[in-house]
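Here is a friendly note to read alongside the structure. Please keep the 3D view open and look up each side chain as it comes up.

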Amino acid sequence: MKTSRIALGAGLAIALAGPVLAETADPVQVERGRYLVVIGNCNDCHTPGYPESNGATPQSEWLTGNPVGFNGPWGTTYPRNLRLFVQELTESEWLATVHQPKRPPMPWFTLAQMTDEDLRAVYHFIRSLGAKGVPAPAFVEPGQVVRTPYIDFFPKGQPRQEARAE
């Protein structure tokens, strides 16, 4: 009986440790991903307060999403919490996802131009940060009530539909 408990415990420990060991990424690849996140300006939208701090936000707070929306003719979008998002995806799913069109102002077309090697590095860097934070607010359809702070993305001189803030 005692032997079977030890074997069960050891098996459980190996099963739980397996994915962690499999996720160990090459430190050079992770650092490359960090570099690409910085020069790609991912933090400008996906990290609250990053532009206002002139990039001095601690890395421990990076890419946690943003409750400040971007309101335009498409509706109101919110920068996703990438740290939670990538925890749900395999590397292959990440590559497929980042090549798909996104709502403005996300520059998905820039990601689509990156090499798979660079996109893998970004993925592994984000995963290395670990899960943190809460999901960003849900997309708000055009003309619907926006209940969060938001930035207007309406060109001057173009007719617009007012977002109703409460």
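1. Start with a charge and a ring. Arg-103 places its charged end over the ring of Phe-139, 3.4 Å from the ring's centre. The term "over a ring" requires NZ of Lys or CZ of Arg within 6 Å of the ring centre and within 35 degrees of the ring normal. Arg-80 also has its charged end over a ring, that of Phe-85, 3.8 Å from the centre.

2. A word on what you are looking at. This is a predicted model, in which local features need pLDDT of at least 70 and side-chain atom pairs count only at pLDDT 80 or more, while totals for chains, interfaces and linings use all residues. Residues are numbered from 1 along each chain as its sequence is written, and side-chain values use heavy atoms, with hydrogens and water left out.

3. Next, the salt bridges. How many does a search of the whole structure find? There are three, each a side-chain nitrogen of Lys or Arg within 4 Å of a carboxyl oxygen of Asp or Glu.

4. One of them joins Arg-32 and Asp-118, at 3.3 Å from N to O. Arg-32 belongs to helix H2 (residues 27–39) and Asp-118 to helix H7 (residues 116–129), so the bridge ties together parts 86 residues apart in sequence. Helices here are DSSP runs of H or I with at least four residues, strands are runs of E with at least two, and both are numbered from the N terminus.

5. Is Asp-118 buried or exposed? Asp-118 counts as buried because its relative accessibility is 15%, whereas Arg-32, at 37%, is partly exposed. The cut-offs are under 20% relative accessible area for buried, over 50% for exposed, and in between for partly exposed (1.4 Å probe, protein chains only).

6. Glu-61 and Lys-132 form another salt bridge, with their closest N and O atoms 2.6 Å apart. Glu-61 is in the loop between helix H3 (42–46) and S1, and Lys-132 in the loop between H7 and strand S3 (145–146), 71 residues apart.

7. Finally, the aromatic rings. The structure holds six aromatic pairs, where rings of Phe, Tyr and Trp (its six-membered ring) pair if their centres lie within 6.5 Å; planes under 30 degrees apart are stacked, over 60 edge-to-face and the rest tilted. Among the pairs is Trp-74 with Phe-153, edge-to-face at 6.0 Å centre to centre and 65 degrees between the planes. Tyr-50, Trp-62 and Phe-125 form one aromatic cluster.
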